[in-house]
Amino acid sequence: MLKRNRLIIILFILNTLVIVSPLITKDRVDSNNELKHVQFGFPIPFITQDQSYFDPPFPYNMRIDLRFGESGLIGFKVLSFISSVFIANIAGLYINNLLSKMQ
C-alpha cells in the first residue's frame, strides 16, 4: 500500500509540474519575427502565444503573458500536452522503481 501511495504522490507532483510549467518556463527570442510564436510548457512546449505587441531588447527571455486580451493565445497543442504528461508519468514510474530498489 505504501508503494502505491508513493507512486500516486510522485505522479501527482510531476503532472502538476507539467500543468503549471507554462508559468515557469521562458522562451528566448532573438527577433521581432520570433515574438509571433513564443512557446511555453515543459518538457515539450504546448502553449503558443503571440507577443508581437512587446518590443524588448534582443535577445530576450519571454514569459507567458496572462493578459490574454492584449496578447493572444495562438494555440494549445493537445498532442504536445499529452506527450508531456506521458513523459512525466514514465519518469514517475522510473523514480518510483528506483526508490523501491533503494529500500
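A residue is called buried under 20% relative accessible area, exposed over 50%, and partly exposed in between, using a 1.4 Å probe and protein chains only. Asp30, at 41% relative accessibility, therefore counts as partly exposed. The model is predicted, so local features need pLDDT of at least 70 and side-chain atom pairs count only at pLDDT 80 or more, whereas totals for chains, interfaces and linings use all residues. Residues are numbered from 1 along each chain as its sequence is written, and side-chain values use heavy atoms, without hydrogens and water.

**Salt bridge**
- The structure holds one salt bridge, defined as a side-chain nitrogen of Lys or Arg within 4 Å of a carboxyl oxygen of Asp or Glu.
- Arg28 and Asp30 form a salt bridge, with their closest N and O atoms 3.2 Å apart.

**Nonpolar core**
- Eleven residues make up the largest nonpolar core, among them Val18, Phe40, Ile47 and Ile64; such a core is a set of buried Ala, Val, Leu, Ile, Met, Phe, Trp, Tyr and Cys residues joined through side-chain atoms within 4.5 Å.
- Strand S2 and helix H2 (78-102) are the elements that give two or more residues to this core; helices (H or I, at least four residues) and strands (E, at least two) are DSSP runs, numbered from the N terminus.

**Cis peptide bonds**
- Most peptide bonds are trans.
- The bond from Phe42 to Pro43 is cis, with omega near 5°, and Pro43 lies in the loop between strand S2 (38-40) and strand S3 (47-49).
- The bond from Phe58 to Pro59 is also cis, with omega near -10°, and Pro59 lies in the loop between S3 and strand S4 (60-62).
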